[in-house]
Amino acid sequence: MEPQKEARTPGDPVARSSGPSRSQTPKDEERREGDTAPAEASLDAEADGALADSAFEDALWELPVEPAERRPECSRCSRPQKVCLCPFLPLHPLHISTHLYIIQHPAEESKVLRTVPLLAACLPQDKCKVKIGRRFSEERDPELSAVCRKSDTLILYPGAEAANLEEFILESPIYPSTIIIIDGTWSQAKDIFYKNSLFRLPKQVQLKTSISSQYVIRTQPTNRCLSTLECAAAALSILEKNNYIQETLLRPLQALCSFQLQHGAQIRLSKEHLLKNGLYLKPMPKNKRKLRKMELLMNSVKI
């Protein structure tokens, strides 16, 4: 093993290749300084300072980097162990026949109060798969490509072409076995849906529900917008014909919101509610498209 380099501190002397040694007496230094021009003495002082700074920087680079300490996380719910939500999860993963694919925008992966880990913790691993990314293709993800091409695959994304999920399964000759849900903000979900041709291959469906989101610690565009967990809970309960699934999946979300509110979080009303009641304090956007969306929210027109 090679000996480690000795790190120097800012107060340690800096070795020089030439010049007087540190052992000379003050008189010797005075005699030498008397023979040196003031400008040269100034340059020597600057050089000494530069060498000292360089040595200090080298010493800093040699110091070991200490990784930031993270709170221990629960292996099941992915929450910090001190605020684990496992008591609100089912003892065993729910038995379902539907395959669920979550297409998650990379920005959602780092958010603390995300709902997908809670959703995945309630379902069997082979029935719930999370794909993280913005762009998907047959070359990059052959598995997802094959799923999108199956006739019994649905994608949950609202729009003019989307069918009501409950009505569709009653009329469809093939009962759906797979559903895809995009996880992200509305703008992120829109970007993923329209810039990946794979996601326009499955039948597009939407939820026709009047319930309000229980995910009250994040602001939603409208009163009808639901979190990813809530969308999955509603869709799976319809596909599995079992309302217990929805109740079970919503339980950890309710516990999460309750805990956050008890520790200082505020209830986040939707933009629609704030605009209609004159409570929206931010300036209206100058962009015409965004301004039009705001006007639609105020008039309760679906966007």
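Predicted model: local features only at pLDDT ≥ 70, side-chain atom pairs only at ≥ 80, totals over all residues.
Buried here means under 20% relative accessible area, exposed means over 50%, and partly exposed is what falls in between (1.4 Å probe, protein chains only). Residues are numbered from 1 along each chain as its sequence is written, and side-chain values use heavy atoms, with hydrogens and water left out.

**Overall picture**

- The protein chain comes to 11 helices and six strands; helices (H or I, at least four residues) and strands (E, at least two) are DSSP runs, numbered from the N terminus.
- Of its 303 residues, 36% count as buried.
- Take contacts (heavy atoms within 4.5 Å) between residues at least 6 apart in sequence: 74% of them join residues at least 24 apart.

**The sheet**

- Six strands make an open sheet with parallel pairing, in the order E2-E1-E5-E3-E6-E4; two strands pair if DSSP finds at least two bridges between them.
- The edges are strand E2 (128-132) and strand E4 (163-164), each of which pairs on one side only.
- E3 pairs with E5 in the parallel sense over four bridges, and leucine 156 stands opposite isoleucine 181 in E5.
- E3 also pairs with strand E6 (residues 203-206), again in the parallel sense, over three bridges; there, isoleucine 155 stands opposite glutamine 204.
- E4 and E6 run parallel and are joined by two bridges, with asparagine 164 having glutamine 206 in E6 as its bridge partner.
- E3 is covered on both faces: Thr153 and Ile155 on one side, and Leu154 and Leu156 on the other, are all buried.

**Zooming in on threonine 153**

- Threonine 153 sits in strand E3 and is buried, with a relative accessible area of 1%.
- Its side chain reaches the backbone oxygen of valine 147 at 2.7 Å.
- Leaving aside neighbours within four places in sequence, threonine 153 is in contact with Val147, Thr178, Ile180, Pro202 and Lys203.
- Threonine 153 and glutamine 204 are 51 residues apart along the chain, and their C-alpha atoms are separated by 9.3 Å.

**Nonpolar cores**

- A nonpolar core is a set of buried Ala, Val, Leu, Ile, Met, Phe, Trp, Tyr and Cys residues joined through side-chain atoms within 4.5 Å.
- The largest one has 42 residues, and Leu100, Leu119, Leu123, Leu165 and Leu249 touch the most other members.
- Several elements each supply at least two residues of this core, among them strand E1 (99-104), helix H4 (116-122), helix H6 (165-171) and helix H9 (243-262).
- H8 gives this core its largest share, eight residues.
- Apart from that core lies another, of 15 residues, including Ile103, Ile155, Phe193 and Leu198.
- Leucine 100 is in contact with Leu119, Leu123, Lys127, Cys128, Lys129, Ile179, Ile181, Ala232 and Leu236, leaving aside its neighbours within four places in sequence.

**A buried aspartate**

- Aspartate 183 is in strand E5 and is buried, with a relative accessible area of 5%.
- Its side chain makes a polar contact of 2.5 Å with the side chain of threonine 228, and one of 3.0 Å with that of glutamine 104.
- A polar contact is a pair of N or O atoms within 3.5 Å; within protein, one must be able to donate a hydrogen and the other to accept it, and residues adjacent in sequence count only if both atoms are side-chain atoms.
- Not counting residues up to four places away in sequence, aspartate 183 touches Ile102, Ile103, Gln104, His105, Glu108, Val116 and Thr228.

**Aromatic pairs**

- Rings of Phe, Tyr and Trp (its six-membered ring) pair if their centres lie within 6.5 Å; planes under 30 degrees apart count as stacked, over 60 as edge-to-face and the rest as tilted.
- A search of the whole structure finds four aromatic pairs.
- One of them is phenylalanine 193 with tyrosine 194, edge-to-face at 5.0 Å centre to centre and 90° between the planes.
- Tyrosine 194 is partly exposed, at 48% relative accessibility.
- Tyr157, Phe193 and Tyr194 are linked into a cluster by ring pairs.

**Cysteines**

- There are zero disulfides, a disulfide being a pair of cysteine sulfur atoms within 2.5 Å.
- For cysteine 122, the closest cysteine sulfur is in cysteine 86, 9.4 Å from its own and so too far for a bond.
- Cysteine 122 is buried at 0% relative accessibility, and cysteine 148 is buried at 1%.
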